[in-house]
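User: I would like to learn how to read side-chain features in a model. Please take me through them one at a time.

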Amino acid sequence: MKLYIKNMVCGRCIMVVKSEFEKLGLQTISVELGEVELEDSITKSQKEILHNNLQELGFDFIDDKKTKTIERIKNLIVDLVHHKNNELKINLSDYLVNNLNQDYSTLSNLFSEVENTTIEKYFISQKIEKVKELLIYNELSLSEIADILNYSNVAHLSNQFKKITGFTPTHFKQQKDKNRIQIENL
């Protein structure tokens, strides 16, 4: 049995969600971003308890097909940007089509309709948040960050960063209050 869960965007989310299932004695086959596969089906009361516990932690069950597809798109993009840097060189539309087995124009139209933004803008927002994270860590040069995130050059990264944040990467780095946005709120 598969359950789809909204707002699972990181490794810690996976651990927290898995823990909630284990608390109820439910055996999971796999727990991935946005998805939990169980060995057995769950009772209505178990699902209700899980629903309440997960909501308190900022998660929620997804029941309709549109929302599942949107959440899968978001999770694939988050995983790509934040965990699979070396795969950023592939075309985003091809990546989504290959992982979701659906036509890109269908995915794009659905995403835009439901989220009021495009897949591309969401992807760019994720990349900019990753840039912010890497700038805050102060371990890599801007050139290295541009390379890791597959920007054609530092100027392209800087222009996109300024367009989204209103600051140059250097100015952002110098700020005391570095306004980062939680991934699930993008």
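Analyst: Start with exposure. Buried means under 20% relative accessible area, exposed means over 50%, and partly exposed lies in between (1.4 Å probe, protein chains only). This is a predicted model, where local features need pLDDT of at least 70, side-chain atom pairs count only at pLDDT 80 or more, and totals for chains, interfaces and linings use all residues. Residues are numbered from 1 along each chain as its sequence is written, and side-chain values use heavy atoms, with hydrogens and water left out.

User: Is N101 buried or exposed?

Analyst: N101 counts as exposed, at 68% relative accessibility. Helices (H or I, at least four residues) and strands (E, at least two) are DSSP runs, numbered from the N terminus. N101 falls in the loop between α4 (92–100) and α5 (104–115).

User: What is the phi of N101?

Analyst: The general idea first. Most residues other than glycine have a negative phi. The phi of N101 is positive, near 55°, and N101 is not a glycine. N138 also has a positive phi, of about 55°, and is not a glycine. N138 lies in the loop between α6 and α7 (142–148). N138 is exposed, with a relative accessible area of 52%.

User: How many salt bridges does the structure hold?

Analyst: Side chains of opposite charge can pair when their charged atoms come close. The cut-off for a salt bridge is a side-chain nitrogen of Lys or Arg within 4 Å of a carboxyl oxygen of Asp or Glu. The structure holds eight. One of them joins K23 and E20, at 3.0 Å from N to O. Both residues lie in helix α1 (residues 11–23), three residues apart, about one turn of the helix. K23 is exposed, with a relative accessible area of 61%. E20 is buried, at 6%.

User: Where do D63 and K47 lie?

Analyst: Their side chains meet in a salt bridge of 3.9 Å, N to O. D63 lies in the loop between β4 (60–62) and α3 (65–83) and K47 in helix α2 (residues 44–56), so the pair ties together parts that are 16 residues apart in sequence. D63 is exposed, with a relative accessible area of 57%. K47 counts as partly exposed, at 29% relative accessibility.

User: Which ring does the charged end of K47 sit over?

Analyst: First, the rule. A charge sits over a ring if NZ of Lys or CZ of Arg is within 6 Å of the ring centre and within 35 degrees of the ring normal. The charged end of K47 sits over the ring of F61, 5.4 Å from its centre. In another case, K127 lies over the face of Y151, at 4.1 Å from the ring centre.

User: How many aromatic pairs does the structure hold?

Analyst: A pair of aromatic rings is described by the distance of the centres and the angle of the planes. Rings of Phe, Tyr and Trp (its six-membered ring) pair if their centres lie within 6.5 Å; planes under 30 degrees apart count as stacked, over 60 as edge-to-face and the rest as tilted. The structure holds two such pairs. The rings of F161 and F172 have centres 5.5 Å apart and planes at 70°, so this pair is edge-to-face. F161 lies in helix α8 (residues 154–165) and F172 in helix α9 (residues 169–174), so the pair ties together parts that are eleven residues apart in sequence. F161 counts as buried, at 0% relative accessibility. F172 is buried too, with a relative accessible area of 2%.

User: What is Q160 in contact with, leaving aside its neighbours within four places in sequence?

Analyst: Contact means heavy atoms within 4.5 Å. With those neighbours left aside, Q160 is in contact with I124, I128 and Y151. Q160 is found in helix α8. Q160 is buried, with a relative accessible area of 15%.
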